[in-house]
Amino acid sequence: MNERDKRLEKKKYEAQRIRQLVEDIEIKKQSSTDLRLLKEKYNHLLKRFSELESVFNFHKALIHTISSGLLAVDREGFITFTNRTSLNTLGYNFDELRKKNIRELFADPKEADEIVPKVLSEYIMLESYETYWLSEKGEPLPVGFSTSLLGDETNKQSNSFVFLFRNITQVNNLRKQIERMDRLATLGELSAGIAHEIRNPLAGIKTSAQVLEESFSPGDFRSQLVSRIVKEIDRSNELLKKFFNFAKPSKPRQEFHHIEMIIDGVYLLLAPRLRKKSIHFRTEFAESIPQVYIDSSQIEQVILNVFINAVEAIRSGGEILVKTQVVENMRLKEDASAVDAVCISVTDNGVGVPTDKLEKIFNPFYTTKSDGVGLGLSISTRLLQENGGKIELQSQEGEGSTFRIYLPVLKK
Amino acid sequence: MAKRVLIVDDEETLTFSLYQSFILLKNDYEVVTANSGEEAIARLDEGHFDLVITDIFMPGISGFALLDHIKERYPDTEVVVMTAYGSSEHKDEAFNKGARHYVEKPFEIKEFKKLVIDLLG
């Protein structure tokens, strides 16, 4: 090879090298663009993932913190998902509830057999259905639930159903209170009407009898007979006055009072009776209880009534304990906001009230006493309502009872 | 001169027995009875009464309406109101309308008569 050929070869080699270099640069440029693109895509994915995670966490928190219990069940009724509220309401943990079939929650198995297939097989969705479900402890809980299909409702192909439920104990209690007040109101109106109709002829009879009595000399047996007529009329009249008290308690004349003084006053009235039955009377008054804005004679009547109930529940010996305290955030009326209240509790260790009678005890004309009229506690309920308060009873048969009287605290 | 008393109540037994009880009184009372608000107004138009004792709740013209009528037309006539209802609202309304006394039925005849004697002398 001559010199020129060698130089040509060398140029050729250099050109090839340059071309290779350019190619390499081209490749590297491409890779780095690819890398940049990959990085961009990766960052984009990260961002999307983070957004999705945010949305997921938000929805998860929503589902677990809504105030209703949420259960998802499959076509066979097995629970596939539970939110935190459902666990809290029913008292189960996550693993326990997940193993169950929705049928097992129903307190009444017959009802379960009737209702569950309607939802899961016939796709009949329920709205605010009220029933009893069993808690983890096996206690029946009043619940209201609604059902829905997870997914597309129109094609009804879904394998997943949602049960949304709430514990309706409080709602039920309020309902019962309203029903009771309605009954009281109706009965009250009736009583007032009836009492008036009866008292009128009684007035005629009494006046006639007393005018007749005046025409006899005192020793005359006819005078004595007439006097008995008058006595019986007076007895009937006393009963009718009780009806009136129950039906239309007078408008309260309210002033600020120390409740302890009223309690002490009632104690003094009953002290002889307590001594006679050897009942020990004890008080635990909290310090600095605010004054209450009440009609003192009406509330005195309520406290007297409750004390009498306690005394009569104790056969002999035994104790009555009266406590006062301030309770915060009490809802004393169904449509009012929560207020602070003074609570007067009267506890006896007497015979107590059987559970099945507890509901009835505040009903008018309900009594377990042979000489009782059964209006005392219903009158007390009315009087307390008129003064913005309320009364509750807790009792254990054979152990005793506690009445709690609540009176609102008003700012002076 | 005899004091004139008008007793108004739709309960006939009561007006009859009250009439009889006033007859037994030694004092000089002329007692007239009416069994409705309308009848009472007719009696009032016929002559002056020193005292009217009236039931509140009667069919037709009520005792309160009668009380208003008397206070407007015969301001010198005293009025005592009686009722078989035991309500403090009625008591307040009666006094606000100018009644001198409020009596709950059934009442003691002795106390009733004492009330009348104290009012009329």
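Mentor: Contact means heavy atoms within 4.5 Å. Take A:Ser135: setting aside its neighbours within four places in sequence, A:Ser135 is in contact with A:Leu90, A:Tyr92 and A:Leu141. One caution before we go on. This is a predicted model, where local features need pLDDT of at least 70 and side-chain atom pairs count only at pLDDT 80 or more, while totals for chains, interfaces and linings use all residues. Residues are numbered from 1 along each chain as its sequence is written, chains are lettered from A and ligands numbered from 1 in the order in which they are written, and side-chain values use heavy atoms, without hydrogens and water.

Trainee: Where in chain A does A:Ser135 lie? Is A:Ser135 buried or exposed?

Mentor: A:Ser135 lies in the loop between strand S3 (129-134) and strand S4 (140-149) of chain A. Helices (H or I, at least four residues) and strands (E, at least two) are DSSP runs, numbered from the N terminus. Buried means under 20% relative accessible area, exposed over 50%, and partly exposed in between, with a 1.4 Å probe and protein chains only. A:Ser135 counts as buried because its relative accessibility is 9%.

Trainee: How many helices and strands does chain A have?

Mentor: Chain A has eleven helices and twelve strands. Of its 412 residues, 37% are buried. Take the contacts in chain A between residues at least 6 apart in sequence: 64% of them join residues at least 24 apart.

Trainee: Which residues touch the most other members of the largest nonpolar core?

Mentor: General idea first. In soluble globular proteins, nonpolar side chains tend to be buried together. A nonpolar core is a set of buried Ala, Val, Leu, Ile, Met, Phe, Trp, Tyr and Cys residues joined through side-chain atoms within 4.5 Å. The largest one here has 38 residues, and A:Ile259, A:Ile303, A:Phe307, A:Ile320, A:Ile405 and A:Leu407 touch the most other members. Elements of chain A that each supply at least two residues of this core include helix H8 (259-276), helix H9 (296-313), strand S9 (319-330) and strand S12 (400-408). H9(A) gives the largest share, seven residues. Look at A:Ile303: leaving aside neighbours within four places in sequence, A:Ile303 is in contact with A:Ile259, A:Ile262, A:Ile263, A:Val266 and A:Ile405. A second, separate core of 25 residues includes A:Ala112, A:Val116, A:Val119 and A:Leu141.

Trainee: What makes up the nonpolar surface patch?

Mentor: Patches are made of residues with over 30% relative accessible area and no salt bridge; like charges are joined within 9 Å, nonpolar side chains (Val, Leu, Ile, Met, Phe, Trp, Tyr) within 5 Å. Here A:Phe58, A:Leu62, A:Ile63, A:Ile66 and A:Leu164 make a nonpolar patch of about 400 Å². Helix H1 (residues 3-65) of chain A gives the most, with three residues. A:Leu62 lies in H1 of chain A. A:Leu62 is partly exposed, because its relative accessible area is 39%.

Trainee: How many residues does the contact take from chain B and from chain A?

Mentor: The size of an interface is often given as the accessible area lost when the parts come together. Buried area is that accessible area (1.4 Å probe), summed over both parts. The contact takes 23 residues from chain B and 24 residues from chain A. About 2000 Å² is buried between them, and carbon and sulfur atoms give 55% of that. B:Ala84, B:Tyr85 and B:Pro106 supply 28% of the area that chain B buries against chain A, more than any other three residues. Four salt bridges are counted between the two chains. B:Glu108 and A:Lys206 meet through their side chains in a salt bridge (2.8 Å, N to O).

Note on methods. Areas by Shrake-Rupley, 256 points an atom, 1.4 Å probe, with all protein chains shown as cover. Buried area = accessible area lost by both parts, 1.4 Å probe.
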